[in-house]
Amino acid sequence: MVKTIYNGEYEKKAITDQFVENLGEMLEKDTDVIYLDADLMFAFGAGLWELGDKFPKRVIRCGIAEANMVGTAAAMSVMGMKPIIHSFASFVTRRAFDQIFLSGAYGRKTLNIIGSEPGYKQTYWGGTHMAFEDIAMMRTVPNAYIFDIVDGVQFNKLLKKTIDMQGIYYYRTPLADNIAVYDETSEFEIGKGIVLKEGTDATIIACGRLVTISLQAAELLEKEEIHVRVVDMFTIKPLDEELVKKCAEETGAIVTAENHSVYGGLGSAVAEYLGENDPTVVERIGVRDEFGEVGSEEYLRGRFGFIPEKIAKRVKEAIAKKKA
Amino acid sequence: MTVNELKKFATDVRIETVKCLEARTFGHIGGCLSIADVLTVLYNGELKNIDPKNPKKPDRDMLVVSKGHAGPAVFATLALKGYFPLDWLPTLCEGGTRLPSHCDRIRTPGIDASTGSLGQGLSLANGFAHAAKIKDKKNRIYCLMGDGEIQEGQIWEAAMYAHQYKLNNLVGIVDWNKKQIDGTVDECISLLDIAEKFRAFGWYAVTVKGDDIEAIQMAFKQIRENQSDKPGVLVLDGVKGSGVKCIEEMKFNHMIPVDKELADQCLEELEAVKNSL
């Protein structure tokens, strides 16, 4: 069961600090847990280096060599270890996709993959670093799980579960300025979306960074007497088809919202399911056929339509289509 | 096994490989034949604590065949060692087979790593070797690579990692048979001196003739005794298609049709070798 604490404020404890604490506990408790990084431990702060000093055999610096990191970690899982690997979302998926696919998934190995700062979260590092296609790639890996993370509580609670599971788990993980949504007592069920706000006129099915922006859009729409349901579809694969169907039937229009391309991501997954099973009006909010670029978070959100006003407008368009 | 018995075993690996490919009418014959001798040494003494009746035996020495297309030669070796019946071999690549063209740890008893996209195996071997060290296990990990394969950049990422983490329980093997699909390695992307390259990456390297069983045995021993805290590599100076003259002499012999006529020619030559031993 989840308990929400959403009031628009940032998480009090940063996701990075929560992770370092969680990883420290996992390393302490279980001698099979191992963490590998491709020269981006820095992203989690000094605490991770301290863990490296404390657990020198199981906090591994792989250097700038993502492909080798993926293969090495995957093979470690065959030897009974429980690997967590990290790089930016762009580098760990785009650059090492064949290794994830073959050395990892095809060989039935286990990887907890943290792809950090997905999509526009790369801000000033620009289009070279922006992964708007990682979900699309990872969805094609048979049996892989994909999570688009909302806050530190969700990330760390899920990681605590998957660390003891077998298979490929991909975490798209923003590392800063996450608005708190979940209370630390929350427990998450993998593959089950969470209704964060009830509504009857339409449903916004969002993931990751777009969840709180969608909640803000829903608040705007309430002022116009438009009642929108908001779902945090944090597991993109396997998709919670039952919930998608329920939302489609009960609200008649679906708007998807993701910090990702509309090609192959959450919007595609939802539209594919509905197209085959329950044709429904679907509006997809995401990056269209284009690359990322540099800019502040505020600039990039505006640039890609990830702001409450634009989402509210798309919801109204979806409702209008439904009526037509 | 005596050296003569090992030579017979290697010849049997070649015979069974040819029959296996004949059943499918095509296959990666050149790079299969060129590793028959090293597979013979590995599976007859070099790999410790292995058991054909218990292919997943804990703490066994492990082999990653990074040049996954050499599957048929490995399958022939495993069948001869009793991991599975010889009559599995003609099922190579049939729908639902336990023996796909490329090595697959899920389908085939005795295969330790799924490979097929070249350049990835040394990282897998790193993972096995590093995990073994972390867990204070004594097993050793071997990784058989093609020469063309080491054109892949990931091999050198892995080579640096193995040195950094002092994986002295790791032994790379490079099948330096001088040819790849589109021509000789030197015509494609030259590797220059492979042993020197690995030495420059901090490895202990030895080069021997790829078809010299005694030299291969001695080289593994030499690596074990001298690698100290370094990963070791054995470069096999060999010939693609080795052991069968009509294949060795082909300009392109990576993946070729293997019809009955060619198979018979190969088998006749191999039977003569076997009878002479």
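User: Which residues of helix 9 of chain B are buried?

Analyst: This is a predicted model. Here, a residue is buried if 20 or more other C-beta atoms lie within 10 Å of its own. In helix 9 of chain B, the buried residues are Ile213(B), Ala215(B), Ile216(B), Ala219(B), Phe220(B) and Ile223(B). Seen down the helix axis, they fall within an arc of 160°, so they line one face of helix 9.

User: Why do residues three or four places apart point the same way?

Analyst: An α-helix has 3.6 residues a turn, so such residues point the same way.

User: What does the face turned away from the buried side carry?

Analyst: That face of helix 9 of chain B carries the exposed residues Lys221(B), Glu225(B) and Asn226(B).

User: And what covers the buried residues?

Analyst: The cover includes helix 1 (3-24) and helix 3 (36-46) of chain B. Strand 4 (170-176), strand 7 (204-209) and strand 8 (232-237) of chain B belong to it too.

User: How far apart are the end C-alpha atoms of helix 9 of chain B?

Analyst: They are 20 Å apart. At 1.5 Å a residue, its 14 residues (213-226) should span 20 Å, so the two agree. Ser228(B) follows helix 9, with a positive phi near 55°.

User: Now the chains. How many residues of chain A are in contact with chain B?

Analyst: 23 residues of chain A are in contact with 22 of chain B. On the chain A side, helix 3 (66-78) and helix 5 (97-106) each give two or more residues. Helix 3 of chain A gives the largest share, 9 residues. This side divides into 12 nonpolar, 7 polar and 4 charged residues.

Methods
Residues numbered from 1 in each chain as written. Chains lettered and ligands numbered in written order. Predicted model: local features only at pLDDT ≥ 70, side-chain atom pairs only at ≥ 80, totals over all residues. Helix = DSSP H or I, 4+ residues; strand = E, 2+ residues; numbered from the N terminus. Expected span 1.5 Å × (residues − 1). Buried ≥ 20, exposed ≤ 12 C-beta atoms within 10 Å, placed from the backbone. Arc of directions from axis to C-beta. Contact = placed C-beta atoms within 7 Å. Nonpolar A, V, L, I, M, F, W, Y, C, P; charged D, E, K, R; others polar.
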